[in-house]
Amino acid sequence: MSMTADKSGPHSLADGLKTLRAKWGWIVALGVVFMIAGVIALGSIVTATETAVLVVGIMMLMGGVAEIIAAFGVKSWGKFLFWLLLGVLYVAAGVIAIMNPLLAAVYLTLMLGVALAVGGILRIFLAFSMKSGGGPWAWVALSGVITFALGCMIIAQWPASSLFVLGIFLGIDLIFIGAGWITMGLALKKRAA
């Protein structure tokens, strides 16, 4: 059996960039679509929260099925049972998220708040350990304080915050993704000229 190389694609980075430059308009259009989706998400944050949880639920369901399938490839019974149990838990969590996204949002929001608070504390400790090295420790510390404060705000308003936090994060993320695609497309256009 002989393998042949696919000669239809670009052969170098310069060829790849040349191909992308020709498609700059499509890249900008993709960015605009992402930005519009972000604005829509921010306009209807409860629906955006439900949508975000549904996506997480579908991903957990797919991951759980993959874990269960992988379990049958394991040779030892102990590892097989561990992989199988892990897969079943993922599937169960995915089904719960899909069947009742607002209930799942309650727990996901709490976990997000705790993760942000703990991450902020760890970032503050990291900043003070960087202080002696002369690095940008003040920015890292400020980032840690903001992250910690955001986590505490989410936890303080929990469970009411479950209705809007994930939707706001999704909307903001979509807007930033869109801005990134638009910036890249316009930069490609500028280079093409």
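Which residues make up the largest nonpolar core?

Reply: The largest nonpolar core is made up of five residues, namely Val53, Ala97, Ala104, Ala105 and Leu166. A nonpolar core is here a set of buried Ala, Val, Leu, Ile, Met, Phe, Trp, Tyr and Cys residues joined through side-chain atoms within 4.5 Å. Buried stands for under 20% relative accessible area, exposed for over 50%, and partly exposed for what lies in between, with a 1.4 Å probe and protein chains only.

The model is predicted: local features need pLDDT of at least 70 and side-chain atom pairs count only at pLDDT 80 or more, while totals for chains, interfaces and linings use all residues. Residues are numbered from 1 along each chain as its sequence is written, and side-chain values use heavy atoms, with hydrogens and water left out.

Of its 193 residues, 24% count as buried. Contacts are heavy atoms within 4.5 Å; among those between residues at least 6 apart in sequence, 76% join residues at least 24 apart.

Ala104 and Ala105 are among the buried residues of helix 5, as are Pro101, Val106, Thr109 and Gly113. This helix covers residues 101–130; at 1.5 Å a residue its 30 residues should span 44 Å, and its end C-alpha atoms are 41 Å apart, which agrees. The expected span is 1.5 Å times one less than the number of residues.

Thr49, in helix 3 (residues 45–71), counts as buried because its relative accessibility is 0%. Not counting residues up to four places away in sequence, Thr49 touches Ala105 and Leu166, together with Ser162, Leu163, Phe164 and Gly167. Thr109 lies in helix 5 and is likewise buried, with a relative accessible area of 0%. With the same exclusion of residues up to four places away, Thr109 touches Leu166, along with Ile154, Trp158, Ser161, Ser162 and Val165.

Trp158 leads on to a feature of the backbone: the peptide bond from Trp158 to Pro159 is cis, with omega near 5°. Most peptide bonds are trans. Pro159 lies in the loop between helix 6 (137–156) and helix 7. Leu110, a residue of helix 5, is 49 residues from Pro159 in sequence, yet their C-alpha atoms are 7.6 Å apart. Leu110 counts as partly exposed because its relative accessibility is 26%.

Further out, Val46, Leu102, Leu163 and Phe164 form a nonpolar patch on the surface, with about 280 Å² of accessible area together. Accessible areas come from the Shrake-Rupley method with a 1.4 Å probe, and for residues only the protein chains shown count as cover. Val46 belongs to helix 3 and is partly exposed, with a relative accessible area of 35%. Leu163 and Phe164 are also among the residues that Thr49 touches.

Technical notes:
Helix = DSSP H or I, 4+ residues; strand = E, 2+ residues; numbered from the N terminus. Patch = residues over 30% accessible without salt bridge, like charges linked within 9 Å, V, L, I, M, F, W, Y side chains within 5 Å. Salt bridge = Lys/Arg side-chain N within 4 Å of Asp/Glu carboxyl O.
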